[in-house]
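User: Here is a predicted model. Please take me through its cores and pockets, one question at a time.

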Amino acid sequence: MLIITIKQGKEKSLLAGDPWIYPTAIDKVDGKPQEKMKPGSTAIVQSSSRQFIGRAAYNSKSQIRARMWSYKEDEPVDHAMMKRRVKAAIAKRADSVRAAHPQALVPVVLGEEDGLSGLIVHSWGGVQGYLICQFQSGGVDAWKVPIVQALLAETGCPNVYERCDELIRKGEGLPLIQRELAGEAPPDHVLVVDGKERYSMDLRTGFRYPKLRG
């Protein structure tokens with residue numbers, strides 16, 4: 001496992017709850033070269049005096065060099081953690097998802113808010129509709145399999161699709177992938193209802209066609 005040593009004085013923002021670590025805050029990174037080059041590798045974060053701060057996802061190719069997973073020394077970064085956090089995110093928004101219009105695009109997972117930095121998931125069409133995921137950091141991309149497993153298990157929705165934001169994924173050094181991760185891909189056009197507005201959208205790309213009237 002990698003070890004990130006934070007410069008003296010720079011640990012204050014981390015201890016205050018800021019989950020992002022920038023290159024200017026890092027003194028050194030110790031570990032195997034192949035782990036340093038792999039986006040999303042798990043790293044122990046320590047202070048300049050070698051005191052444990054937490055665990056993070058390290059990405060040498062990103063301007064956000066590391067993203068904190070946990071500040072608990074007894075909480076490993078593993079499949080179980082990812083599944084717990086996806087489950088908690090879904091449970092937190094279950095009432096709003098149930099109350100939403102069947103054709104509304106409803107948030108299910110919202111990145112840092114749910115301890116899954118870089119993961120954005122929206123639901124459309126209810127249980128038999130689609131979950132649209134964006135893996136916008138090396139950390140969540142590295143744990144894609146348990147994340148998708150948890151989404152399927154906790155929502156009952158059979159269709160999970162990965163949308164690709166090219167600019168963000170390039171900045172993270174991640175491959176540009178857009179594909180179905182489970183079930184079927186959504187059609188080219190679906191009707192999205194947002195309050196009093198209605199518009200046609202390609203869920204695969206996020207492109208909105210001209211609004212419908214009436």
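**Cores and pockets**

User: Which residues does Ile147 touch, not counting residues up to four places away in sequence?

Analyst: Contact here means heavy atoms within 4.5 Å. With residues up to four places away in sequence left out, Ile147 touches Met82, Val86, Leu119, Phe135 and Val140.

User: Which element supplies the largest share of the largest nonpolar core?

Analyst: The largest nonpolar core has 25 residues, and Trp69, Ile147 and Leu151 have the most contacts inside it. At least two residues of this core come from each of helix H3 (79-92), strand E7 (105-110), strand E8 (119-124), strand E9 (130-135) and helix H6 (144-155). The largest share, 5 residues, is supplied by H3.

User: Which elements give two or more residues to the lining of the largest pocket?

Analyst: The largest pocket has a volume of about 280 Å³. It is lined by 14 residues, and those closest to its centre are Ile90, Ala94, Val97, Val127 and Thr155. The lining divides into 8 nonpolar, 3 polar and 3 charged residues. Two or more lining residues come from each of H3, helix H4 (94-99) and H6.

User: Which strand gives the most to the lining of the second largest pocket?

Analyst: The second largest pocket has a volume of about 160 Å³. Of its 13 lining residues, Met68, Trp69, Ser70, Tyr71 and Arg85 lie nearest its centre. The most, 3 residues, comes from strand E6 (residues 66-70).

Terms used
Residues numbered from 1 in each chain as written. Predicted model: local features only at pLDDT ≥ 70, side-chain atom pairs only at ≥ 80, totals over all residues. Heavy atoms only, no water. Core = buried A, V, L, I, M, F, W, Y, C linked by side-chain atoms within 4.5 Å. Buried < 20%, exposed > 50% of the residue type's maximum accessible area, 1.4 Å probe, protein only. Helix = DSSP H or I, 4+ residues; strand = E, 2+ residues; numbered from the N terminus. 1 Å grid on protein atoms, 1.4 Å probe; cavity = no way out; pocket = protein on both sides within 12 Å on 5 of 7 lines; lining within 4 Å. Points joined across faces, edges and corners; volume = space filled by probe spheres on them. Nonpolar A, V, L, I, M, F, W, Y, C, P; charged D, E, K, R; others polar.
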